[in-house]
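Trainee: I have not looked at this one before. Could we go through it step by step?

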Amino acid sequence: MKTGKRIVILTGAGISKESGLDTFRDADGLWSKVRIEDVATPEAFARDPVKVHEFYNQRRRQMVGGNIRPNAAHRALARLEEEGAQQAIEVLLVTQNIDDLHEKAGSRNLLHMHGEMKKARCEACDHVTAWEADLTRETLCPGCARPGGMRPHVVWFGEMPLYMDAIMQALERCDLFLSIGTSGNVYPAAGFVRQVRRAGRAHTVELNLEPSEGVELFAETIHGPASRIVPDYVARILGEKMI
């Protein structure tokens, strides 16, 4: 399969759902159980930090103490990065997910555009630190030692996603763009395929359980469980014969 040498991969909640993590936008997802305005905005944190902390503490506990492991899709992308390097293939993985399943699978060239659940950030001094325990209003910042400012290191609605300059540069120069497990209705990530199309050089592929809202923008679409279709597509990229 001719794919080029620079690959950008966007992943969303759909790739982690098969590992047992709740998605946000499915019919039974997190946003069907709690209002975004109550737990996922800077205004919500200013208004009721206790409620916001408890919401994210519960999610962090699930990731730290639960039986959550990478699935075959995560492992396939890590394999693509490692084995692709032997074929001079550059792989950048951009994830909307705040879990660490890509890291656990072995991915290294990875950008968490929406932050990371197992990190905390101080609003007072911007110090970011690895964090697996609960956060409270009394938690002291390891950087400035002040209480009251520690928050989950995640991007809330109304905040700018992380690493956007690096992501845009990679989209401009890539030869293959893969979108995996995304709904296609969360911006700016939903607009990445348009950015790639404007650059005019890359093949665009959607790998998703079902068609996304922007499915018509992709040159190639493959639908099915991520744990099946992602390993198959990685094998195609690496030039392996499919049985």
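Trainee: Is strand β8 (residues 203-208) largely enclosed by the rest of the structure or exposed?

Mentor: This is a predicted model. A residue counts as buried when its relative accessible area is under 20%. Five of the six residues in β8 are buried, so the strand is largely enclosed by the rest of the structure.

Trainee: In which sense does β7 pair with β8, and over how many bridges?

Mentor: Strand β7 covers residues 176-180. The pairing of β7 and β8 is in the parallel sense, over five bridges.

Trainee: Which residue of β9 stands opposite L207?

Mentor: β8 also pairs with strand β9 (residues 220-223), in the parallel sense and over four bridges. Within β9, the residue opposite L207 is I222.

Trainee: Which two residues does a cis peptide bond join?

Mentor: The place to look is the loop between β7 and α8, where P188 lies. Omega of the cis bond is about 10°. The residues it joins are Y187 and P188.

Trainee: Is D126 buried or exposed?

Mentor: D126 is found in the loop between β4 (115-122) and β5 (128-130). Its phi is positive, about 70°, although D126 is not a glycine. The relative accessible area of D126 is 54%, and the cut-off for exposed is over 50%. D126 is therefore exposed, at 54%.

Trainee: What is the relative accessible area of Y163?

Mentor: Y163 lies in the loop between β6 (150-154) and α7 (164-173). Its phi is near 65°, a positive value in a residue other than glycine. Y163 is partly exposed, and its relative accessible area is 41%.

Trainee: What radius of gyration does the protein chain have, and does it agree or disagree with that of a compact globule?

Mentor: The C-alpha trace spans about 55 × 35 × 35 Å along its principal axes. For 243 residues, a compact globule would have a radius of gyration near 18 Å. The protein chain agrees with that, at 18 Å.

Trainee: What percentage of the residues of the protein chain count as buried?

Mentor: The chain has nine helices and nine strands. It exposes about 11,700 Å², with carbon and sulfur atoms supplying 50% of that area. Of its 243 residues, the share that counts as buried is 51%.

Technical notes:
Residues numbered from 1 in each chain as written. Predicted model: local features only at pLDDT ≥ 70, side-chain atom pairs only at ≥ 80, totals over all residues. Heavy atoms only, no water. Buried < 20%, exposed > 50% of the residue type's maximum accessible area, 1.4 Å probe, protein only. Helix = DSSP H or I, 4+ residues; strand = E, 2+ residues; numbered from the N terminus. Pairing = 2+ DSSP bridges. Rg over C-alpha atoms; globule rule 2.2 N^0.38 Å. Areas by Shrake-Rupley, 256 points an atom, 1.4 Å probe, with all protein chains shown as cover.
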